[in-house]
Amino acid sequence: MQYHSFEFNFLQENTYILWDDTLQAVVIDPGMYFPQEEKTFENFIKEHNLTVKYLLNTHLHFDHVFGNPFVCEHYGVQPWANGGDKMWLSGSKTMFSKLGIRFPAMQPEIGHYLKDGELVTFGNTTLKCIFVPGHSAGCMAFYCEQENLLFSGDILFRGSVGRTDFEDSNCQLQTEGIHDKLFTLPENTVVCPGHGPNTTIGSELDNNRLV
């Protein structure tokens, strides 16, 4: 499997495209906000001759779903996410307005609600869904055991963890989930977070003082 990351929108959110030799692809957390970002994303899909099979959201905070309408419209998929985050989808417009941010196209409804331990297969590749609430009520990470890759969204960063000051946040649940579900993965697992640079499970075990 191969993957490519983009840093999109004014919050420098990491958007990921994953694919393998079948050229079937998965998009994780499309954060395209500006037209040029949409064009960059579209060009990458065309240049690599990829077929988008799934759109996965680690959670539904606005910076991670800016690009959902574009991906759904252009590639005929619906977003998959955990149902715990439905409040964020329905409240997006109000939140945008409060922050003075231009509200983009209406967010599409969730096409499938992901569960802890569920497997998502595209081409010859399988991702395991890992439910780690805390940053939001529906936070998911996606783990590819074949490639030792973890797409952690805003749960775990290099030297940090997701903020837990939102209405549906829970610091204790997030800490427990990181210890019980992420820190039990192989230490050489590469962590691809929702913001910032990659890290590894081993590095965070040794150096992350927030968990």
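This is a predicted model: local features need pLDDT of at least 70, side-chain atom pairs count only at pLDDT 80 or more; totals for chains, interfaces and linings use all residues.
Along the principal axes, the C-alpha trace spans about 45 × 40 × 25 Å. Seven helices and 14 strands are present. Of the 211 residues, 53% count as buried. The exposed surface comes to about 9400 Å², with carbon and sulfur atoms supplying 49% of it. Contacts also reach along the chain: among those between residues at least 6 apart in sequence, 63% join residues at least 24 apart.

Six strands form an open sheet in the order β1-β2-β3-β4-β5-β6, and their pairing is mixed. Its edges are β1, residues 2-8, and β6, residues 112-113, each of which pairs on one side only. Strands of a sheet pair through backbone hydrogen bonds, either parallel or antiparallel. Within this sheet, β3 (residues 24-28) and β4 pair in the parallel sense, over five bridges. Ala25 stands opposite Val52 of β4.

Helix α1 lies across β1, β2 (13-19), β3 and β4, and runs at about 170 degrees to β1.

Helix α3 covers residues 68-75, and its buried residues are Asn68, Pro69, Phe70, Val71 and Cys72. The cover over these buried residues includes α1 (35-47), β4 (51-56), α2 (62-65) and β5 (79-81). Just after α3 comes Gly76, which takes a positive phi of about 65 degrees.

In soluble globular proteins, nonpolar side chains tend to be buried together. Here the largest nonpolar core has 18 residues, and those with the most contacts inside it are Ile28, Leu56, Leu114, Val120, Leu127, Phe142 and Phe151. Two or more residues of this core come from each of β2, β3, β4, β7 (119-122), β8 (125-131), β9 (140-144) and β10 (149-153). Strand β9 gives the most, with three residues. Phe151 can be followed individually: leaving out residues up to four places away in sequence, Phe151 touches Tyr3, Tyr16, Leu18, Ile28, Thr58, Ala141, Phe142 and Cys192. Apart from this core lies another, of 17 residues, among them Phe6, Phe41, Phe70 and Val77.

The last stop is a loop. Glu109 is found between α5 (92-99) and β6. Is Glu109 buried or exposed? Residues count as exposed when their relative accessible area is over 50%. Glu109 has a relative accessible area of 57%, so Glu109 is exposed. Even so, Glu109 has contacts with residues elsewhere in the sequence: setting aside neighbours within four places, these are Gln78, Pro79 and Leu89. From Glu109 to Lys86, the separation is 23 residues in sequence and 9.2 Å in space, C-alpha to C-alpha.

How values were computed: Residues are numbered from 1 along each chain as its sequence is written. Side-chain values use heavy atoms; hydrogens and water are left out. Buried means under 20% relative accessible area, exposed over 50%, partly exposed in between (1.4 Å probe, protein chains only). Helices (H or I, at least four residues) and strands (E, at least two) are DSSP runs, numbered from the N terminus. Contact means heavy atoms within 4.5 Å. Two strands pair if DSSP finds at least two bridges between them. Axes are lines fitted to C-alpha atoms, for helices over the stretch in contact, and angles run from 0 to 180 degrees between N-to-C directions. Accessible areas come from the Shrake-Rupley method with a 1.4 Å probe; for residues, only the protein chains shown count as cover. A nonpolar core is a set of buried Ala, Val, Leu, Ile, Met, Phe, Trp, Tyr and Cys residues joined through side-chain atoms within 4.5 Å.
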